[in-house]
Amino acid sequence: MIELKHIEKSYHRGAEEVRALRGVDLSIVAGELLAIIGPSGAGKTTLLHILGCLDQPSKGEVLFDGVNTSNMSESELVQLRREKIGFVFQQFYLIPGLSVFDNIALPLLFSKKQASRSKIMALAEMVGLEHRLDHAPAQLSGGEMQRTAIARGLVNDPEILLADEPTGNLDSENSDKIYSLLRSLSQNGLATVMITHNTELAARAQRTVQIRDGLVHS
Amino acid sequence: MSGYLKLAGKNLLRHRTRSALTMLGIAASVGVLFSVLSFNKGFSEGLAVELERTGLHFMVVPSGCAHEVAALVLHGAVIPKFLDTKVMEHVTATAGIDLATPILVAQLPDPQRGEIDLIYGVDMSALSAIKPGWEITGKIPEHDNEILLGYEVAQHEKLQPGDRFSSSSDGINLVVAGIVGLTGSQDDAFVYLPIKTAQKLLDHPAAATAIGVKVKDPTRMVEITEALTAAVPGIQIVTMGEVMNSISNLAASARALSLAIVLIAILISAVGVMNSILMAVFERTQEIGMMRAVGASRRDIFRIILEETTILSLSGGLVGILISILGSRMIEAFVRSVMPFVPSGNLISFDPGVAAGSVLFIFVIGLCAGIYPALKASKINPVEAIKG
């Protein structure tokens with residue numbers, strides 16, 4: 001479904017050139033739960049951003065369903081992100097003024113789709129937040145916030161869910177819940193990529209790749 | 001409500017105090033803009049109505065400054081110059097004149113009360129023709145020792161019809177015959193005397209500061225004024241239209257200044273909006289990055305930020321107009337206390353056109369102020385933003 005071919009990414013930090021990725025080859029298929037591990041600064045997040053078409057590689061190709069995304073315009077990339085990619089972040093990034101319902105429905109605003117109550121309810125039930133739909137993010141626990149963010153990432157029925165350290169701010173019990181949720185999503189056919197520092201969780205994933213010095217080690 | 005509008009509104013509510021203060025800044029400037037525009041409109045209309053009400057077509061005055069004449073006619077000033085007695089004879093002898101009445105405006109000190117009265121000497125039989133809009137409690141003076149009081153004078157002196165008014169430096173005991181109802185204009189501050197009594201008090205028998213003239217056929221006014229000017233040297237004829245122009249010109253500079261100040265206030269509030277929204281954009285950089293990641297285009301981000309400024313501007317505009325309507329009496333009282341001539345009646349009233357124009361104006365200014373923060377937000381790099 002997604003194929004990365006010889007991906008390199010370099011950027012400048014002042015006068016210094018940083019080579020974040022030095023030739024990454026990686027394939028992700030539907031229904032797979034892939035954990036990406038590696039030390040800080042190894043290039044994990046850069047890889048995730050390239051997978052999510054938020055960032056473009058300096059060299060190499062990203063093929064999404066066989067289509068090379070490096071030739072796509074900005075609006076085509078926006079469309080791709082809306083329709084096929086879901087994002088989950090370590091800091092959740094929920095909008096404080098909006099209810100759980102509205103936070104989950106936020107991506108529908110940008111994809112110009114109606115936020116049907118039944119769909120949001122179904123997602124909320126799936127993540128165990130059906131009783132919290134009218135609550136503000138400030139009234140939720142960390143685990144509930146992340147589950148809201150996962151529901152938000154799923155609202156456009158993406159083909160792949162990209163999670164950047166989704167358990168990084170959670171205790172072990174909530175981390176377990178989030179992991180179980182991601183695993184059940186992948187078992188239902190959703191490709192799921194999770195960056196994590198939690199080696200125990202990574203070990204339970206279907207596949208784990210390690211990134212070190214900008215290179216993938218399987 | 002559109003999702004964008006709801007999101008923009010919720011964003012503003014996250015910093016209620018900041019949003020409220022920014023909105024109040026806009027409200028203040030729009031309130032002043034609305035008041036000034038309404039006042040200008042009310043001033044012109046009020047002036048026209050007031051001059052219409054005088055029932056006179058032109059004034060014969062000593063030659064001099066037309067502005068002085070304007071002030072005289074509308075009771076704002078006293079001119080130390082008198083018309084010759086013979087002028088009245090010439091005016092009445094001129095063909096086509098329906099009514100000619102001498103008017104004597106002066107200040108008269110009253111040592112007993114320690115005050116200076118503004119006196120308006122007029123032929124009482126012509127009073128209803130000159131001031132047809134007046135409502136008088138009591139009666140129009142019929143004898144030389146009877147007077148009519150302006151509303152404010154009567155209130156200040158606590159006098160009723162039949163009371164004695166002490167202005168007796170010449171041993172004349174004046175009695176209040178009637179009191180003029182509140183006009184809201186300078187008329188309220190005068191003591192109206194039979195012209196002969198006024199002339200006697202001033203020690204200027206047969207003097208007048210102006211002669212008010214009504215012609216039989218207004219279409220022949222030019223012909224009549226030309227004939228009068230040619231026949232009588234040392235006079236000037238000022239038509240009511242000229243008086244209106246003189247006062248309008250006097251007021252125009254004040255209006256221009258006040259509008260300039262309003263525009264500066266609006267500019268400052270627009271900068272306040274820009275600053276407030278820009279701060280919000282900087283604070284929400286990561287959130288904007290998230291929105292880009294979950295499918296928001298640059299245009300979506302631009303729209304959200306622009307709608308925030310629109311909400312601020314429109315709500316500020318509406319609140320400003322509401323405040324200025326509620327405070328219109330206070331504003332009007334203040335303006336009346338500082339301006340030399342203000343026509344009677346309500347000068348600041350709700351005019352939908354002026355209100356809509358003021359809101360539309362601030363809406364456009366708000367949009368302009370929002371463009372820079374919206375552009376800035378739309379150009380946020382999502383990768384950099386999410387990294388924090």
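**Figure 1. The loop that holds B:Thr183.** B:Thr183 lies in the loop that links β7 (174-180) to β8 (190-194) in chain B. The model shown here and in the other views is a predicted one. B:Thr183 counts as buried because 20 other C-beta atoms lie within 10 Å, and 20 or more is the cut-off for that class. From B:Gly3, B:Thr183 is separated by 180 residues in sequence and by 53 Å in space, taken from C-alpha to C-alpha. As background to this view, chain B has 14 helices and 10 strands. Of its 388 residues, 43% are classed as buried. When contacts in chain B between residues at least 6 apart in sequence are considered, 84% of them link residues at least 24 apart.

**Figure 2. Strand β2 of chain B and two strands that pair with it.** Strand β2 (residues 97-110) of chain B runs antiparallel to strand β9 (residues 210-215) of chain B, and six bridges join them. Within this pair, B:Val215 in β9(B) is the residue opposite B:Ile97. Strand β3 (residues 115-122) of chain B is also antiparallel to β2(B), with eight bridges between the two. Here B:Asp110 has B:Glu115 of β3(B) as its bridge partner.

**Figure 3. Helix α10 of chain B and what covers it.** Helix α10 (residues 285-293) of chain B has as its buried residues B:Ile288, B:Gly289, B:Met290, B:Met291, B:Arg292 and B:Ala293. Their cover comes from both chains: it includes α2 (74-84) and β6 (85-88) of chain A, and α11 (298-326), α13 (352-378) and α14 (382-387) of chain B. Just after the helix, B:Gly295 has a positive phi of about 120°.

**Figure 4. The side of chain B that touches chain A.** Contacts between the chains involve 19 residues of chain B and 22 residues of chain A. On the chain B side, the elements that supply two or more residues are α1 (3-13), α10 and α14. The largest share of this side comes from α1(B), which gives six residues. By class, the chain B side has 10 nonpolar, five polar and four charged residues.

**Figure 5. A six-stranded sheet in chain A.** The strands of this open sheet in chain A follow the order β6-β7-β8-β3-β9-β10, and their pairing is mixed. β6 and β10 (215-217) of chain A are the edge strands; each has a single partner strand, so one side of each has no neighbour in the sheet. Neighbouring strands are turned against each other by 20° on average, direction ignored.

**Figure 6. Strands β7 and β8 of chain A, with two helices that lie on the sheet.** Strand β7 (residues 160-164) of chain A pairs in the parallel sense with strand β8 (residues 191-195) of chain A, over five bridges. One residue to look for is A:Ala163, whose bridge partner in β8(A) is A:Met194. Helix α1 (residues 44-51) of chain A lies across β3 (33-37), β7, β8 and β9 (207-212) of chain A, and runs at about 155° to β8(A). Helix α6(A) also packs on the sheet, where it touches β3, β7 and β8 of chain A, and its direction is at about 150° to that of β8(A).

**Figure 7. Helices α5 and α6 of chain A.** Helix α5 (residues 142-154) and helix α6 (residues 172-187) of chain A pack with their axes 9 Å apart, at an angle of about 15°. That angle makes α5(A) roughly parallel to α6(A), and the crossing of α5(A) and α6(A) is right-handed. From α5(A), the residues in contact are A:Gly142, A:Gly143, A:Gln146, A:Arg147 and A:Ile150, and they meet A:Asn174, A:Lys177, A:Ile178 and A:Leu181 of α6(A). The contact of α5(A) with α6(A) is made up of three nonpolar, four polar and two charged residues.

**Figure 8. Helices α3 and α4 of chain A.** Helix α3 (residues 100-110) and helix α4 (residues 117-126) of chain A cross at roughly 110°, and their axes come within 10 Å. α3(A) and α4(A) are therefore roughly perpendicular to each other. A:Phe101, A:Ile104 and A:Ala105 of α3(A) meet A:Ile120, A:Leu123 and A:Ala124 of α4(A). The contact of α3(A) with α4(A) has six nonpolar residues, no polar and no charged.

Methods: Residues numbered from 1 in each chain as written. Chains lettered and ligands numbered in written order. Predicted model: local features only at pLDDT ≥ 70, side-chain atom pairs only at ≥ 80, totals over all residues. Axes fitted to C-alpha atoms, helices over the stretch in contact; angles between N-to-C directions. Helix = DSSP H or I, 4+ residues; strand = E, 2+ residues; numbered from the N terminus. Parallel < 35°, antiparallel > 145°, perpendicular 65-115°, else oblique. Left-handed = near helix turned anticlockwise from the far one by under 90°. Contact = placed C-beta atoms within 7 Å. Nonpolar A, V, L, I, M, F, W, Y, C, P; charged D, E, K, R; others polar. Buried ≥ 20, exposed ≤ 12 C-beta atoms within 10 Å, placed from the backbone. Pairing = 2+ DSSP bridges.
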